[in-house]
Amino acid sequence: MNLEDMSVLHRLMPYLGVSEKKREQVEEALSLRFSCMEELLLASRASLAEAGISEGGAVLLHLILPATRAARRGRYMRERPVCDSAEKLGEIFCAFLRHLTEEHVTVALLDEEFRLFRLLDVSSGTATSAPVVLRRLAEIALRENAAFVVMAHNHPGGETKASPEDLDTTLAVKRCLDSLGTPLLEHFVVAEDRYLPLLIGMPSSPICGKINPLSFYDRSARQRAGLEY
Amino acid sequence: MAEETAFRQGHRQRVRARFIAEGVDRWEDYRIVELLLFSAIPRRDVKDIAHRMVARFGDLDGILSASPEELCSVEGVGVGVAELLCAVYPAALAAERVSSRPRLFHAKRLSAYLTDRLERTGSYRPVLLMFNNRYELLGEKELPANSITAAGITVRCMVEELLSVGATAAVIGIPTRREVLVPSSEELAVCRELAELFELLDVSLSDCVLVRRDRSLFLSAVDERFSRLAQKKRGLEYES
């Protein structure tokens, strides 16, 4: 662990169920055993127990990333940020999906002003696949009266490269949501702090190559490109 | 009094068990705050405090972004609680920095790692590389025999290692001196069996690699049956 990680660990130590007498020793052992904060926060309960952390302490460590995720979701709902570029949404999805060790499919619902008003998990799978339930996506988009839908899923493996299934899924979801009047604007693949917008690059997509991905949601750009959703 | 304490302990156990089973994605904010408070307030009912904090700061983000002084202005919140809540975002941000563990998701990188290892250690014993699902190397275990097909190789010791580090993927490196880099039928049979067994435990045996000092060979490239087993899940990247 580096100095910054060790400083955060030191702040957490009083809450990990370690007696005051052993705290210094356990803190040192943790900093040697785990190479970074992420590794500590995602460590198995067994390895935390081995390092001297109580069951309650392990729960606290495992809670930090999900609690941060929930808090960020709440912040987006409260602030309703305008997501008028792929870059803004890509960053939001990265912050939201990056630590998950299983594949999750998440949708962002936008209003007519491109304000993000809901961020929802649609499905989660094992470490390597997340079934996309079209019916559930359609239900959410219609129930929430979304003007636009943007979806994202994470690749816990760390590579943004899309599989053929990812591309097929993107087209199927786009066809379905477009026909319901709640168009799918983009489908991102997120891996760590990187994201790949799929729709903009698909040869079969009517918008492929027509506009700059970073101004994808910008109305004037869409008007210039003559695109209607 | 003793009954009340036992009830509270039972409640805490139930909430923690619920968190372990289902996560917090569908939880209301006050429940998440309550679970955080368990670590800072050992023997008191904390639900009311959690509700008061949500009422005061609006939501979980408001609570985790508040200053210690603001937090302490809520009835029932002391310095200990404030310090814990103020440490949550910094811990998450520290975790968001890029990991320092080697990531070997690409076949070329993995091959280079194994040949370097052979060069460095000079050991010709098979090695089990254990990964999380970001293909970060969690650890490696040298197997106690000179060949993957030897009697000393026990599946049990491999599984124990994989589970103890929480691995979701594995690769077996098989160092060799043979001139023609071709796996034996026994090696292929063992690797297929291991892939099937690991799959049952939700660990993906992504590949087995014959390693010589100058080059390596991925068994998935030469054995279709093993390749099918190894490639069931999205695994290593093989393209240049």
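Reader: What makes the order of the open sheet of five strands in chain A?
Author: The order is S2-S1-S3-S4-S5, with mixed pairing. Strands are DSSP runs of E, at least two residues, numbered from the N terminus, and two strands pair if DSSP finds at least two bridges between them. This is a predicted model, where local features need pLDDT of at least 70, side-chain atom pairs count only at pLDDT 80 or more, and totals for chains, interfaces and linings use all residues. Residues are numbered from 1 along each chain as its sequence is written, chains are lettered from A and ligands numbered from 1 in the order in which they are written, and side-chain values use heavy atoms, leaving out hydrogens and water.

Reader: Why are S2 and S5 of chain A said to stand at the edges?
Author: S2 (116–124) and S5 (194–197) of chain A each have a single partner strand, so one side of each lacks a neighbour in the sheet.

Reader: How do you know that S1(A) and S2(A) pair, and in which sense do they run?
Author: Seven bridges join S1(A) to S2(A), and the definition asks for at least two, so they count as paired; they run antiparallel. His104(A) stands opposite Ser124(A) in S2(A).

Reader: And what about S3 and S4 of chain A?
Author: Strands S3 (148–154) and S4 (184–191) of chain A pair in the parallel sense over six bridges. Here Met151(A) stands opposite His187(A) in S4(A).

Reader: Why is S2(A) called mostly covered?
Author: Seven of the nine residues of S2(A) are buried, meaning under 20% relative accessible area (1.4 Å probe, protein chains only).

Terms used:
Helices (H or I, at least four residues) and strands (E, at least two) are DSSP runs, numbered from the N terminus. Buried means under 20% relative accessible area, exposed over 50%, partly exposed in between (1.4 Å probe, protein chains only).
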